[in-house]
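Me: I would like to learn how to read a few features from coordinates. Could you walk me through them?

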Amino acid sequence: MRAMQIIEWGKPLEAREYPDPEPKGEEVLLRVEAAGVCHSDVHIWDGHFDLGGGQQISLESRGVRLPFTMGHEIAGEVVALGPDARRWKVGDKVMALVVGGGYAEYCPAHESHCLPVPPNLTMAEASAIPETFFTVWHNVFERGKLKAGETLLVHGGSSGIGTAAIQLAKAFGARVLVTAGSEEKCNACRTLGADLAINYKSEDFVAAVKGATGGQGCELILDMVGGDYIERNYEAAAVEGRVVQIAFQGSPKATVDFRRIMLKRLTHTGSTLRARSVADKGAIARAVETQVLPLIARAQVKAVMDLRFPLRDAAGAHRRMETSQHIGKIVLDVA
């Protein structure tokens with residue numbers, strides 16, 4: 001098979017040929033047709049994962065060894081089964097969350113981390129769903145406990161995560177406010193159903209949120225920025241509000257007046273997806289299959305697509321991600 005790999009830290013991806021992998025245990029082997037590009041993919045060229053604010057951790061310290069194949073969400077056809085795999089059969093079309101290896105023509109996935117591809121989706125659209133919708137469902141609805149009638153604030157509303165969060169929150173009866181960095185992005189968020197889109201480059205989102213909620217603030221805030229947004233989120237949150245942290249595009253450190261947590265009785269939580277156990281990811285997958293997949297199958301919720309690139313131009317897809325001009329998901333066509 002052909003795979004796009006990091007051969008040397010700090011160097012461009014290279015196409016290499018390898019024997020097809022064999023599925024083990026409860027894995028299935030997919031012939032990959034498309035792979036989603038995630039924000040974290042563009043920040044590991046030099047062997048470090050960027051925590052934001054100049055903070056990094058070594059990938060090798062976390063057990064990552066070269067050559068390394070990126071890719072954490074894929075869609076394709078099941079072509080082989082591990083000895084203990086039971087749920088899927090050869091020929092099934094599935095989309096899957098994987099622990100790397102998605103930038104390749106074949107990739108194994110744990111059977112519990114796969115979802116059936118609804119017939120109304122292309123494989124490119126399907127590849128844009130696993131990591132994005134798993135993240136949104138778990139953090140907004142399971143950790144954040146969003147309820148109908150509540151107000152959700154999403155930072156980065158035009159991102160893959162943001163566009164999914166807008167649609168799901170609206171589908172479940174919430175009001176949605178977002179921040180985005182241009183009028184084009186704000187308009188895209190409004191088209192998806194956002195009740196208010198705030199251009200953070202020209203507006204104070206705290207003041208805008210207070211104005212839109214009669215001074216009450218938001219019951220839930222989904223944040224991927226960190227840094228000085230942390231204290232500002234506490235200001236924008238309602239009494240008994242919840243803040244869920246899923247990334248740090250700014251700094252993972254901040255100077256914060258924590259009295260607001262006590263005075264407003266706030267909850268600040270967070271999570272990462274990739275470090276979760278096989279069982280945890282499987283449970284999230286089943287919840288998404290039950291609660292979200294029917295909405296996708298009815299086209300009530302969709303994967304918002306930006307640009308598609310051939311696998312050989314994965315570097316071009318990363319450059320697109322780095323410009324921050326994308327709206328929705330960037331996808332690699334593999335097949």
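Reply: Happy to. Let us begin with salt bridges: a salt bridge is a side-chain nitrogen of Lys or Arg within 4 Å of a carboxyl oxygen of Asp or Glu. This is a predicted model, where local features need pLDDT of at least 70, side-chain atom pairs count only at pLDDT 80 or more, and totals for chains, interfaces and linings use all residues. Residues are numbered from 1 along each chain as its sequence is written, and side-chain values use heavy atoms, with hydrogens and water left out.

Me: Which residue forms a salt bridge with R308?

Reply: Side chains of opposite charge can pair when their charged atoms come close. Here R308 pairs with D333, and their closest N and O atoms are 2.9 Å apart. R308 lies in strand β17 and D333 in strand β18 (residues 329–333), so this pair ties together parts 25 residues apart in sequence. Helices (H or I, at least four residues) and strands (E, at least two) are DSSP runs, numbered from the N terminus.

Me: What other salt bridge links distant parts of the chain?

Reply: D306 and R320 meet in a salt bridge, at 2.8 Å from N to O. D306 sits in strand β17 (residues 305–310) and R320 in helix α10 (residues 314–323), 14 residues apart. D306 counts as buried, at 18% relative accessibility; buried means under 20% relative accessible area, exposed over 50%, and partly exposed in between (1.4 Å probe, protein chains only).

Me: How many salt bridges are there by this rule?

Reply: The count comes to 20. One of them joins R16 and E14, with the closest N and O atoms 3.2 Å apart. R16 is partly exposed at 32% relative accessibility, and E14 is partly exposed at 34%.

Me: Is helix α2 mostly covered or open, and how many of its residues are buried?

Reply: An α-helix has 3.6 residues a turn, so residues three or four places apart point the same way. In helix α2 (residues 130–143), 12 of the 14 residues are buried, so to speak mostly covered. Among them are F133, W137 and F141. After α2 comes K145, with a positive phi near 55°.
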